[in-house]
Structures are given as structure tokens and as C-alpha cells.
Amino acid sequence: MTRPVLEIEGLRVAYGDGADVLRGVDLTIAPGETYGLVGESGCGKSTVAYAVQRYLGGGGRITGGRIAVDGTDIGSASEAELRRLRGRRMAMVHQNPATALNPAMRIGRQLAETPRLRSGEGGADPTGAILEVLRRVRFQHPEQILRRWPHQLSGGQLQRVVIAMALLARPSLLLLDEPTTGLDATVEGEVASLVREIAEQSGGMAILYISHNLGLIARVADRIGVMYAGQIVEEGTARQVLKTPAHPYARALLASLPGNPSIPPGERLRTIPGLVPRPEDLAPGCAFAPRCYAMRRGLCDRPIPLAMTPAPDGGGHVAQCLRLGDVPQPPVEAAPVMPRARDGGRVVDVTDLSRSFTTRPVFGGRASQVVAANKVSFAIGKGDILSLVGESGSGKSTIARILTGLDVADSGTAMALGTDIARRPAETRTRELITAIRIVFQNPDNTLNPAHRIGRILRRALRRGGRAGSAEEVAALIGAVRLPPDAADRRPGALSGGQKQRVAIARAFAGRADLIIADEPVSALDVSVQAAVVELLRDIQVQHGSAILFVSHDLELVRHISDQVVVLYRGTVVEQGSTAQVFGLPRHPYTEMLLAAVHPPDPDHVAPDLPVCDETAATDMPGLCPFLPRCHRRLPACATTPPPRRVPAEGHAILCHHAPADLMQMLPTVTKG
Amino acid sequence: MTAGANRTAKPARTGLLARLRGSRLLRSRSATVGLAILIFWLVVAIGAPWIAPYDPTAIDFAASADPSPSAAHWLGTDVLGRDLLSRIIFGARTTFLVIPLSVFSAFLVGAVAGMAGAWYGGWTDTILARAGDVMLAFPALVLYIILITTFGPSLWNIVIAVTLTYAPGVARLMRGQVLAVKGLEYVLAARAAGESPIYIMAAEILPNVGTPLIVDLCLRTGYAVILVGTLGFLGLGLPPPTPDWGGMVVEGVNLMTIYPHIALLPAAAVTSVVVACNLLADGFRETAR
């Protein structure tokens, strides 16, 4: 057997004087193998990647164990040796491609900076090697990319450049730390299939792929390690871990995905209660026991060290659980989703809403117009959940902001409580309007003022909603979003992301909210927490009889919770209808593409290869289909005449030249074997 | 439940006030030393009538012949025979009245202008920024001389001079800070809740832009001591015979070669306050990290 590229044995890492963050990680990656590392945030996934490069920052240090890359011991290597390893034998791709590249340097020069090329190993003129690697990451015109500045490329293109840069090093170990988090699902799929392709063609390169997205891991990984609280608690082939997970943590993670086929739409999403414990709170024994649905008293709470034991299906599948072989399936949430009060009345009625932004470059150049909303029309019924879906830049958030009064429309109307709010900023709205339409934002870290205590934030919201804001009312509100009572005295910095989002929800429901605008409220949260926050939102919605405008890019979640769906592309509604209609057939080619990008956590699912498109510019001619440049089903008429609005069924509309009968086929999403 | 308990125990140090009273500041050695020096001078200033051995304006003709330190006058006298120790002690009073007043005025004007410019943007921002640029571009010394010749020396003219000099810089710092916070979601949430601009600026934005401003405040207080000294040197200090450290240096400078203590001792007092302010600024910077 060949020597593994990466060997980690009993790795322990601590930051500062703190307790060990990694508590004995064992991991090996063979040449040509892609290893997926999954787990909630705070489990130590990224620390593993940084420790492998011995790049832990000022405060971090390896307190035990051994790491070897290609047989070189990382722990005892000198700084000079490490520099030779980094960027040559191992290369890393970080989460945010926009900050990974120098904005003041053209792509070509930046790629030529790779240490291997600078030391002359790429030949006298490295341009050939660079062009070749850019072609490998699927740029159709690599010569043009060389001359571009980073800001001229999209997020997906930037990440492909960063991957190209890593590949230029010809590393034997490629580390990818959440490389697609923050990118659109379509782009995510593109990067994942690219990584898969690179893995297959690389001839022996080992890949460590870190992600919290189980669907993506299913696409790229050969083997998977599930990480919890600084340890790998389950390891096996992708098929073993995803199809027959042995550890309750892995089972609970998979069960909390909104696309899980065992939960029919309308039922409750499953959650994992509690939080990942902090390293200093950990005692010997099973770290997951306090959150585990299968915890057995007298067995799982014993303070004894755990060891990896073979799972029942064997074949190298191991897990660290005292009840291994006897672990039940995660329970179905008992309480059903309550029926909602719907009387056919409308909360908000949006007609022909338009908004565009003009951007003018600092130094000359033409002013360009970005259309964020183009004659958007939809209505939200009382008690309904309507979802706005689309990639970033589709105008979802602009519409949410106009309805909230943080922006004003150029034209069109939005009727709520008998008045048109399309051109009324929040500052000019009546108190009644303001309490009727509330917003929950995406980023939990910025949604609450860090200087204020939770009690104060909620008291203020209650008073704005026309209530007294007494301590009892604040306590009731905190209880309603299932936060501990002492949360009122804490500042946001002492809360987890999910808890902060709960406070934001409490703030939104402090008054009599008719419509809650939820702008990607759970996108920044782990799936386990996401489910709990979504269910909370739904419960309070039912109690208040409110409607929700749910802005999201997560189609599985949208399918699970919404009544109506509006699909936006560059500010234009390309399809709208009931959830069943939009997710069923016929569907707009864009909806088709979005749905094709959804990848279940199933290694046997074969994702359709989405057409890669470097040119995402809008069509110049007004009125033409905005999706035309990316469309895989374009007709000659698309380039000359605006697309007609087709109505295949009542309440279902598709903006496309194709007749509904021609939109019945899907991109092939065959299941192997 | 230990996890929850620990999380409660950890205080969230984000507010301006929390930072000020937090013991973390005193864990920084430079801040402690700086604070100690300032408190020393503050006590001296408040207790001046009781501490000072002489009236700072009383003239001792016998001593004026030889102003060197003696048993009667520990630090000597100035050329007019006024007790130097008493004058330095009473000079602290002047300093601790003039400096906080003028720095506070500069920060009030600068912070309001910076906040308003950043919040309202557009024309408000342009006009405020240009006004600041004009003030920064105008030679400071010329400005002071115009002030002296027009209005003569007085406490309020010092305050105006310091405000005109420092407010534009404070405004720029404030503007940048507010711009960074303005688009954050908690500010948007307050706007969407129909909060008034004044409430948002005062309660939502101000507590989160404080730290760099406090550091800047300490540094500028130090520089203001030098600036007020300079103004005293130019004759824009407080009218004589009020003891004023800057003015005392001027009086002593002619006899520098013979009786250096007359100029050097008040200069040392100025230096100690400047150093103390800088140490305190360092302390705040460390704490903010």
C-alpha cells in the first residue's frame, strides 16, 4: 500500500491558554483521495486545515499528536521547511475568494506569483502553464482572464481563479475550507463538479474538503469524517456515512436537512437541541450526549474516554458511540405544524414594482444601470408564506427593502392596509404601518446592536409597537422565542448565532405584525440550528396570524415551508405560482437550472452538469428575456422578441417563449445503480 | 448547564461605558500610569489654594534678585519674584479648566459634524467636508494671530482656537466610523422600526463608534496642552497675571541660559500631562483589541 499523503495522529490544538480545541483527531488521506470533513460550526474543522499547514496564528499551538505531509513531520519542521511545503506540496483555498486575491493586481500577475513559478520551476515563461490551469478550471477564454482585475470577476469566477492558483503549485495535498459557502447554489454546484473533475484527473493529489453542506460533501468526497467538538466521531466511505450513518450526531444532522425525504412538506423539520459545547466545558466521555436523542442514562453519561469502534455494516466504517449498533433513528417531531388562519384577504398587493440603480465609475467610463426589480407583481394572502427565490443579484432583497421602507420603488404600487407603500420610506410611515410590516435580517452578528442588552432591545421594540414594554412583557417575548429567561440581561456578544436570530424574531413580533419579511433569516446558521429557527418562525406566525415573505436561496427549505413561490432573475419574475406548481412541471429553464443545482446528501445522486457560463451580463435590449445569455433552451425568437407570459394553470405563470408543453422535460438527474 | 452559566458570567464589553469602568483598562500598565499622573494633577488643581505655599501673584522683591531655588521658595521664583511652585500649582488649575473645555468643544463640534455628514450624506456631507478642508488648509499660526489681534487674550478665544484646529480631524474620524456602522443591519432595523434619526444616531450608532474616538480624545487632549502652551507663548493665553504653564515658559525663556528652571519646570509640567494622555490612549487601544 502506498504511503498516505496526509497522516494525522491524535492531533490536539489549543488557542492561548484555553482548553484543547482539537481533542485527538486521527485522519489519513491516501493519494488521489478526497476526504470530506463535516460538522457544525465551532467543531474545529478549519483548525484541522490550519494545523496541517502549522499556520495557527499567534495564539494557536499544537499541544499533542503528529501531522505528516508526504512523510514530512509538520510539528518539528523548521520555518524554512514549512515555507517550502506551503504553496508547493500543499495549497489551501479559503472561504472568501474576494479577500483571497489582491484587488490591486491583475489575475495573470497574481497567478504568476505562485512560489513554484517564481522559483523558475514552471519554465522561463510561466504563461503557458497559467493558461493551461485556467482552462482546467473551465475558463473558456483564459487569455482574457489574465488581464482582468479581481473586482471584474464574479464570486464563482474568483473562486475558480483561487483554485487555479492552488493547482499551479502542483500540490500533493489540496486543502479546501468551505470553498463555496456564500456562493449561489448554481455556482456551488459548478465548483463542486470542478473539484471532482480535478480529483479524478490529478493523478494522486489528495484533497481535504471542509464543508458544513452535506449535499456538497456527497458530491465531492470519497471518504467522510464527521467532526463534533474537536473529535472525529464517525468515519467511513461517503456511501457508508451518508446512507447508513452510525453515530446519532450524523443521523441527526442528515435528518435536519429540509430536503430529507422522510419529512413530508408541511411537517416539522427535525432539529438538534442545544449548542456545540465550548472546549473548556468538555468533560471526558461522550461530548454529544447532552444533545443526543439516543442518550441512555448510566451509559452515555459515564466520564470514560471513547474509542472508535467498527459500525455494524463494517468495511472500515467506524464511529465513536457507546450505543453503536443499537442507535435508533432520530424521532419525528411530535407536535404537528398548526393550521394557519387564512381567509382569502390580502396583506400586501404588489403591482408592477420597479427599481433600478445607476452606478457610475469613479474615473470616467459609462454609467451602468442595474435593474433590481422590473415590473414585479405578486400578492401575499393573510397567513400565507410566499417565498422569493433566485441567485444573488436577482433583486430579492431590494423588494424586501422596499416593502420595509428602507428603499423606495421607482414606479409601481405596493398596497398594504389600504395605502400604497411603494414610495414611502419608513421615516414617513404611520406607526400602524410600521408595526404591521416587520423585517428579520440575514446576518445574526449584525442584526442586534452589540452595545445594548437584549432586554433593552425588546423593550424598545414593544414600545414602538404601542405596548408598555414592562419587564413581564419582555420576559413573555423571550419565552415565546424559547430563549432562557436570563437572556434579557445579556448583550448580543454572549449569544450564539441561532439565539441572536431568535431575538431578531422576537423583535419583529413585538407588535401586531401582519407581514414578516424574512430576508434569508437562516442562511448564516448551521442546518441543525436552521431548522429550529424556521420552526419557531412558523409557530409564532400561526399564533399571530401573520403572513411571511420569505427571501431565500435554499430551494429545499422554500419547498418545505412556502405556499407560494416567486422566481426572480435579474429583477424579473420568470415564474410564479403555488409551491407545487413551481416545483412541478412545466418549469421555466431558470427554475430548472436552480432545481438541478440542489444536491441531496446522496453520493449516488448524479448532478446534471450545468452549463458553465462566463458571460453573465444582462441583455442589452430592454424587454428581452433577461435569462437569455445563460439559457440552455434558447430559441431564435428569444433574441428578437420579448418572451410572452404563459399561464399553464390557474395561478401559475411562466415567462418564456417555449410553450408550457415544451417545458415538461427536466435536466437529467439520474440515480446511479 | 455549565455551558450556559459560563456564558452568562462572561461580560460583554462592547458599550462605551462598560469599557470605561471595566477593570481591563487598569490591567494595562500604561493606562494605570497615565491615569495616576492625571489624577495627581487633578488633585493639585482642585486643592491649589491649600497646597500652594504662596499666592501665585504675590511678588517677593527680595527673591527677584536671585530667583534660584531656596529654602523659602523650593522651586525658586520667576523674574518678578513670584513663587514658581505656587504658580505651577495654580497653573494646573488653568490647564485643567482650559484643556477639558476646549477639547470637549472641539469633540462636540467635530463629532456632530462628522455624524451629520455621514448620516445625511449628499450636500450636507459635501458642505461639512469642504468646510473642514478649508479649516485644515488655513495656516494655524496665522489663524491664532488673527484671533489675538481681533479679540485679544481670553478663555473663550482659546476654546475657539482649539476647536477650529481640532474639530475637522475629529469630524473626519467620526464620519469614517459612522459610515462603517450606518449600513449594518441593526441600524437598518431601527430605521425600519420608524426610529427618529436623532435616536438612531445617539443610541444605535454612537455607542459603537466610541473606542477610536476615546483613543483620539486622549491623544488630542495631550496635544491640546501643547497647543494651549503655544497659544500662551504667542500671547493668546489667559491675560496676566493668571498663572498659565505656556505663558510661564515664555516668561522664563529669556533667562534660559542663566536660570533655566524658570522655563523648564513649567515645560516639564506640560510634558507630564502630555505623556499621561498618550499613555492613557495606549491603554484604551490595548483594551479595545
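This is a predicted model: local features need pLDDT of at least 70, side-chain atom pairs count only at pLDDT 80 or more; totals for chains, interfaces and linings use all residues.
1. A definition to start with: helices (H or I, at least four residues) and strands (E, at least two) are DSSP runs, numbered from the N terminus. With that in hand, look for A:Pro586, which sits in the loop between helix H21 (579-583) and helix H22 (589-596) of chain A.

2. Another loop of chain A deserves a visit. Between strand E7 (173-177) and helix H9 (185-201) of chain A you will find A:Glu178. Phi of A:Glu178 is near 45°, which is a positive value in a residue other than glycine.

3. Now to the sheets, starting with an open one of eight strands in chain A. Its order is E18-E19-E20-E15-E21-E22-E24-E23, and the pairing is mixed. Strand E18 (437-440) and strand E23 (645-649) of chain A each have a single partner strand, so these edge strands are left with one side that has no neighbour in the sheet. On average, and with direction ignored, neighbouring strands of this sheet are turned by 20° against each other.

4. Strand E19 (residues 515-519) of chain A runs parallel to E18(A), and four bridges join the two. Here A:Ile439 has A:Ile517, in E19(A), as its bridge partner.

5. Chain A also has an open sheet of four strands, ordered E14-E13-E16-E17, with antiparallel pairing. Its edges are strand E14 (368-381) and strand E17 (419-420) of chain A; each has a single partner strand, so one side of each lacks a neighbour in the sheet. Strand E16 (residues 411-416) of chain A pairs with E17(A) in the antiparallel sense over two bridges. The bridge partner of A:Ala416 in E17(A) is A:Thr419.

6. Helix H13 (residues 396-404) of chain A lies across strand E13 (346-359), E14 and E16 of chain A, and runs at about 115° to E13(A).

7. Next, the salt bridges. Over all chains, the structure holds 39 of them. In one, the side chains of A:Arg223 and A:Glu235 meet with an N to O distance of 3.4 Å. Because A:Arg223 lies in strand E9 (residues 223-228) and A:Glu235 in strand E10 (residues 231-237) of chain A, the pair ties together parts that are twelve residues apart in sequence.

8. How do the chains meet? On the chain B side, 22 residues are in contact with 30 residues of chain A. About 2,600 Å² is buried between the two chains, and carbon and sulfur atoms give 49% of that area.

9. Three salt bridges are counted between chain B and chain A. B:Arg191 forms a salt bridge with A:Glu427, with the closest N and O atoms 3.4 Å apart.

10. Which helices of chain B each supply at least two residues of the side that touches chain A? They are helix H1 (2-9), helix H11 (185-192) and helix H12 (197-205) of chain B. H11(B) gives the largest share of that side, six residues. Sorted by class, the side of chain B that touches chain A has eleven nonpolar, six polar and five charged residues.

Note on methods. Residues are numbered from 1 along each chain as its sequence is written. Chains are lettered from A and ligands numbered from 1 in the order in which they are written. Side-chain values use heavy atoms; hydrogens and water are left out. Contact means heavy atoms within 4.5 Å. Buried area is the accessible area (1.4 Å probe) that two parts lose on being put together, summed over both. A salt bridge is a side-chain nitrogen of Lys or Arg within 4 Å of a carboxyl oxygen of Asp or Glu. Ala, Val, Leu, Ile, Met, Phe, Trp, Tyr, Cys and Pro count as nonpolar, Asp, Glu, Lys and Arg as charged, and the others, Gly among them, as polar. Two strands pair if DSSP finds at least two bridges between them. Axes are lines fitted to C-alpha atoms, for helices over the stretch in contact, and angles run from 0 to 180 degrees between N-to-C directions.
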